[in-house]
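Welcome to a short walk through this structure. Have your viewer open and your selection tool ready, and we will go stop by stop.

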Amino acid sequence: MTSNIRYKSRIPVKTEDSMEEKQYVGFATLPNQVHRKSVKKGFDFTLMVAGESGMGKSTLVNSLFLTDLYKDRKLLNAEERINQTVEIIKHTVDIEEKGVKLKLTIVDTPGFGDAVNNNECWKPITDYIDQQFEQYFRDESGLNRKNIQDNRVHCCLYFIPPFGHGLRPVDVEFMKALHEKVNIIPLIAKADCLTPNEIKKLKDRVREEIDKFGIKVYQFPECDSDEDEEFKQLDKELKECTPFAVIGSNTVVEARGQRVRGRLYPWGIVEVENQSHCDFVKLRNMLIRSHMHDLKDVTCDVHYENYRAQCIQEMTSKLAQDNRMESPIPILPLSTPDVDTEKLIKMKDEELKRMQEMLNKMQQQMHDKDQ
Amino acid sequence: KLNAVGRANEEKRNLSLGGHVGFDSLPDQLVSKSVTQGFCFNILCVGETGIGKSTLMNTLFNTMFENEEASHYQNGVYLRPRTYDLQESNVHLKLTIVDTVGFGDQINKEDSYKPIVDYIDTQFENYLQEELKIKRSLFNYHDTRIHICLYFIAPTGHSLKSLDLVTMKKLDSKVSIIPIIAKADTVSKSELHKFKIKIMSELVSNGVQIYQFPTDDEAVSEINASMNAHLPFAVVGSVEEVKVGNKTVRARQYPWGVVQVENESHCDFVKLREMLIRVNMEDLREQTHARHYELYRRCKLEEMGFKDTDPDSQPFSLQETYEAKRKEFLGDLQRKEEEMRQMFVNKVKETEAELKEKERELHEKFEQLKRMHQEEKRKVEEKRRDLEEEMNAFNRKKMAVETLSLSQPLKKDKDKKK
């Protein structure tokens, strides 16, 4: 059952009042129409997972989508990984739930951080993301736009090892290389190696370092002021919990009389979906149940638009240099303010400044007089 | 005829004793001497920042060694040795723990192993220097050679990291390595079994030599053999105490259970402590001295030019080698002296030549000046003569005028008088 509270609160409630019925126009059914159409069209989502090998990325993805994407995976030996380069591997699956179809693409980055020399090991990843943007840009600018495939990466889960004291240089460099191209959600991997105190300390430390290094991770949108208190409380808890400390499991164990996904140890059973054990449920709810579409929106509206604007600027600057070249894509030419207008603007600015100063002076004088 | 070393060809004979002589106390004498001397043990902990090296040391020795948390942002790897004096009943232990700070944090880790290898070699070198001294005091020497390297493997559950393989390969000929799986409470039992097998097979297939607990001594061969099969040890460290049942034990408390450090079904901590401290500590010291150090020493001396046999394959006496080296050295010294002397002589000649040149120049200048002076004098003389002539001419004229003027006014006077 989806906990999509926001959506539910907007369904029009038919009242008994006949007066209201007469004045009822009917566009309140729009949400229903949108719902229906979107179910028909189906959704797509591209999720990237990045982090050193052995952080539990595959296990977590399997746990998130309750499926087994990595059936015949071959892992490399330590020797083979000494000089390994990063690969990009896509797994695409079609999954369906209650009539809603989702085309899920998981982009894997095996080899990241595994070699002895990891200089610029994130370059294949940034290149891949840029390629998807470029492809979409071309498609969007083409003549026939009926069936554009959106392969842009909507979200990147970055797995931070729980063994250290915080972010390591490779973590910082990776996130800084990607934070303006994709929504980064940092996760603390294999959180069953940390006691609750240690988790809190590590989360605080990671948040501090993300601030310190100016890394722009994905921010949950502020909830509307007209939402109910329960929702606001949940939202607040969610935000304070980042980065999520997650545990994944491919196996089902018996705990407290139920069959659950978990990890069996001699000293106890870690339940993946137990909120007091880890933040898996919060991650799943956030990623799939409430913010999936927002992640897509931010990718389209912010990251892609930044890429597009940058691309166009580069093109127009090249065009300006060579008048013979025609624009390869249909774009409206940016109106560059001519030199005269700019001068005028500057002059007016300065005038304003001067007047402001005079005003301040006069105010000061008056103030002194009063004293 | 005796051969070079003078050993007589004798067969060993076993004799039986008629009574209790008492030399069976020799081991006790040895023990009592070593207890008085005190023991020394040096542990090197290699592992990435935050993997639990300090916590494990605290847990092993049941104490709190001072330690600040290391940062992930070191520019390189550096080694931090700390020495502590511990005592248990009447046994004194001088324990040195060497930490690898910054290991595994850099983006480019190609040179990460170098500071570690350099540190181990330096300790060997220091010992070698002491051994080669004329006046040496080995019994007093603080032995800093590393007796054991604990290599901390991250519990990824898959296999070794590439850095682990590269580093262990560089270290295995210089130090005894015991690989351990750190923070093992994140690996479940079934995963652990597979993980251990994978690690050991990777080590074997890459020819990495790790320390094997010795099985030649009957007293401990059985336990050592069984422990060898449990490598790498999966350890969990903790200095915090948790109440379990009616006991307080060192453990880690999770929402889903309590991991007890000294519970053998939870982790291999007890095995590690047993092997490292209680059973094989002395063997590790011996291995370091008899194997790793000897290898280093042999390589070093060969580099310096020492050999055990001369070109004719006769055993070289150390004395002859010393003589040869000394001659070489003296010859070198003489040659250098000659060079310096020659250089000095050349310099003196040069300076002399310069001075001579300068002298000549000065002399020339002097001559020139003299000539100028003469010239001036002559000119002045000429002028004087001219002047004198003028003066004479003037005087004559003057006189002529005077005589003329004298005679004339006389006439006038005469006229007046008349």
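To begin, which side chain does A:D44 meet in a salt bridge? Select A:K296: the two side chains meet at 3.8 Å, N to O. A salt bridge here is a side-chain nitrogen of Lys or Arg within 4 Å of a carboxyl oxygen of Asp or Glu. The pair links distant parts of the chain, with A:D44 in strand 1 (residues 43-50) of chain A and A:K296 in helix 10 (residues 292-321) of chain A, 252 residues apart. Helices (H or I, at least four residues) and strands (E, at least two) are DSSP runs, numbered from the N terminus. A:D44 is partly exposed at 22% relative accessibility, while A:K296 counts as buried at 13%. For these words, buried means under 20% relative accessible area, exposed over 50%, and partly exposed in between (1.4 Å probe, protein chains only).

Before moving on, a note on what you are viewing: this is a predicted model, in which local features need pLDDT of at least 70 and side-chain atom pairs count only at pLDDT 80 or more, while totals for chains, interfaces and linings use all residues. Residues are numbered from 1 along each chain as its sequence is written, chains are lettered from A and ligands numbered from 1 in the order in which they are written, and side-chain values use heavy atoms, with hydrogens and water left out.

**Next stop: salt bridges within helices**

Select A:K123 and A:D127, whose closest N and O atoms are 3.6 Å apart in a salt bridge. Both lie in helix 5 of chain A, four residues apart, about one turn of the helix. Then pick A:E229 and A:K232, another salt bridge, at 3.9 Å. These two are three residues apart in helix 8 (residues 229-240) of chain A, so about one helical turn separates them. A:E229 is exposed, with a relative accessible area of 57%, and A:K232 is partly exposed at 27%. Now select A:E52, A:R168, A:D171, B:E48 and B:K161, which salt bridges with shared partners join into one network. Over all chains, the count comes to 50 salt bridges.

**Next stop: the interface**

Show chain A and chain B together. The contact (heavy atoms within 4.5 Å) takes 45 residues from chain B and 52 from chain A. About 4,000 Å² is buried between them, 55% of it from carbon and sulfur atoms; buried area is the accessible area (1.4 Å probe) that two parts lose on being put together, summed over both. Highlight B:Y73, B:I107 and B:W256, which supply 21% of the area that chain B buries against chain A, more than any other three residues. Five salt bridges cross this interface. For one example, select A:K201 and B:E69, with closest N and O atoms 3.7 Å apart.

Now zoom to A:N118, in the loop between strand 3 (100-108) and helix 5 (123-141) of chain A. Leaving aside residues up to four places away in sequence, A:N118 touches A:G113, B:I107, B:N108 and B:K109. A:N118 is buried, with a relative accessible area of 4%.
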